[in-house]
Amino acid sequence: MKFISCRWPLGAAGLCLTLSVAAQAPPQDPATWLSNAVHAAQKLSYSGVFSYQSGARQETSSVTQIVEGGVARERLEVLDGSPREVVRIGDEVRCVLPLSHTIIIERNRVRKSFPALLPESVGLLQESYTLRLAGRARIAGMDSQVVELTPRDPYRYGHKLWLDAKSGLLLKARLIDEQGETLEQFGFSQVRYGAAADPEQLKSRYDASAPEWKIQTSEAVDLGAPPADWVFRNSVPGFRQIAGLRRLSGSGGRDSVHVVFSDGIAAVSVFIEPVATPNQAGGAKRVGATQVYRRVTGGDMITVVGEVPLATLQRLGDGVEAKKR
Amino acid sequence: MDEEVSALVDSALDDARAQHVAQVLGRDERLRQSWTMYHVIGECMRREPAAPKFDIAARVMQQLDTEPTVLAPQAAARKPRHPLVLPAMAAMLGICAIGWVALSLQGGLDTGPGSVTQTAQYPDGRSGLRTANISTLDAPVEGYLVAHQGVSPRTGMQGVAPYVRSVMDVDTLPAVAAR
């Protein structure tokens, strides 16, 4: 499997080009709409309320992003159930889970150096999906362009995206299975741009320095090359290895390898680490539209995560082998 | 949890408990099957024909499709000689349903030594792809979900919103039978 981290110059050139085009006239092709959506998500300040639905579960959240001096600060608060929080400042994401008194802090310094993680890698997308513009619709009081990504094979799900016709911001997104059923849906009911985004909304409601919080930190550093000790025997059509990270966990000092595969919009994470406890069992689990598959082999456990069919995770996970040393 | 699902079918739970059980039902395919079965059983016992909205035949067929093929001899079902009247049909359906519930509560057939269930293949209900029989993972995964969202292209397109997938409230009830 080829390790591609050389997409940067092409991606950057493509993005600049598409943005200058976007400024003149509404784009006519779905790929340009997707690039504009990525740009909008990273450059715009906005504040809004959205709902997330998966199966019978539905939750409403408020979200605010303020971009100043090239640094994005974002905060999400779930308004139903326990008041969970996700705060992102630059490359640090902090998730607060009040029910279990846990804070997960994730530092990912390499995020920016992997633009292949962004769906503007249109070539990769078109290998796996048919892209088409599917009319206009009104979402959260705004005119939106509908973009459909129909999978070319059963290794991935379909996507239906509603993008603000003016700003490009993703207003609604639906993940669709092979039978055409919705697996999950995000949808804004209200969005306000620019100065209307309230900086007060960025403040955490929790005092994370209080002693009762359990803090889990994880820091990702770039391996710069495919992991030397592991081979991936099984490939899945359309999925490329786009990143290889080493994760250093603060507590217990456990070290894991995190390899990322993507088809341009869906991602599969493969975590490889020594087994945490004896008798560690494998298996599978579904959390919303995200599936988790774990396999234990020798003294290592391989955990595969993604918003893709279980068979895709299993195929990638079962192909992981330690190189003979 | 099955008792609570049964109680929910019988409207014997208070509002808060009912809401919780309904949420768990939303996440748990096996419990949803129990929910359907309890309804069918209830209707059989009340001598009502099975409500067509549950489409029991389709569900049973779907379940058969997703269950591993068990290579064990079974007695052929005896066919009724006479046209069935509705109550008798309902009663028969009830027997089928109870049998099947018992089966699914055990988490599939235990076929003993040399069991084929570990290697049997069944189609992934969502994708039509075949996956091997996999047990339920009973380990916390929040840390992985958060790390995964950080590298997903959707996060580049949608900001922190996809992290709602990683911070779902953990079910505080005892875990249902891992299957």
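1. Leaving aside its neighbours within four places in sequence, which residues is A:Glu307 in contact with? In this predicted model, where two residues are in contact if their C-beta atoms, placed from the backbone, lie within 7 Å, the partners of A:Glu307 are A:Tyr157, A:Leu175, A:Ala266, A:Ala289 and A:Thr290. A:Glu307 sits in the loop between β19 (300-306) and α4 (310-318) of chain A, with helices (H or I, at least four residues) and strands (E, at least two) taken as DSSP runs and numbered from the N terminus. With 25 C-beta neighbours inside 10 Å, A:Glu307 counts as buried; the term buried asks for 20 or more other C-beta atoms within 10 Å of a residue's own, exposed for 12 or fewer, and partly exposed lies in between, with C-beta atoms placed from the backbone. The C-alpha atoms of A:Glu307 and A:Gly288 are 9.0 Å apart, although 19 residues separate them along the chain.

2. A note on conventions: residues are numbered from 1 along each chain as its sequence is written, while chains are lettered from A and ligands numbered from 1 in the order in which they are written. Because the model is predicted, local features need pLDDT of at least 70 and side-chain atom pairs count only at pLDDT 80 or more, whereas totals for chains, interfaces and linings use all residues.

3. A:Leu149 belongs to strand β8 (residues 142-151) of chain A and is buried, with 26 other C-beta atoms within 10 Å. Not counting residues up to four places away in sequence, A:Leu149 touches A:Tyr129, A:Leu131, A:Gly158, A:His159 and A:Ile265.

4. Helix α2 (residues 30-43) of chain A is largely enclosed by the rest of the structure, because 11 of its 14 residues are buried, among them A:Trp33, A:Leu34 and A:His39. From its first C-alpha to its last the helix reaches 20 Å, close to the 20 Å expected at 1.5 Å a residue, where the expected span is 1.5 Å times one less than the number of residues.

5. A nonpolar core is a set of buried Ala, Val, Leu, Ile, Met, Phe, Trp, Tyr and Cys residues joined through C-beta atoms within 7 Å. The largest one has 83 residues, and those touching the most other members include A:Ala37 and A:Cys95; the largest share of this core, 6 residues, comes from α2(A). A:Cys95 also touches residues of chain B, including B:Val146, B:Tyr163, B:Ser166 and B:Val167.

6. Between the chains, 65 residues of chain A are in contact with 44 residues of chain B, and strand β2 (residues 57-68) of chain A gives the largest share of the chain A side, 5 residues.

7. Chain A has a mean pLDDT of 85, and 86% of its residues reach 70 or more, but over residues 1-24 of chain A the pLDDT is below 50. In chain B the mean is 58, and 36% of residues reach 70 or more; over residues 70-126 of chain B the pLDDT is below 50, yet this stretch has 71 contacts in the model beyond near neighbours in sequence. Where pLDDT is low, the predicted coordinates should not be read in detail. For the complex, the predictor gives an ipTM of 0.86 and a pTM of 0.68.

Conventions:
pLDDT = per-residue confidence, 0-100.
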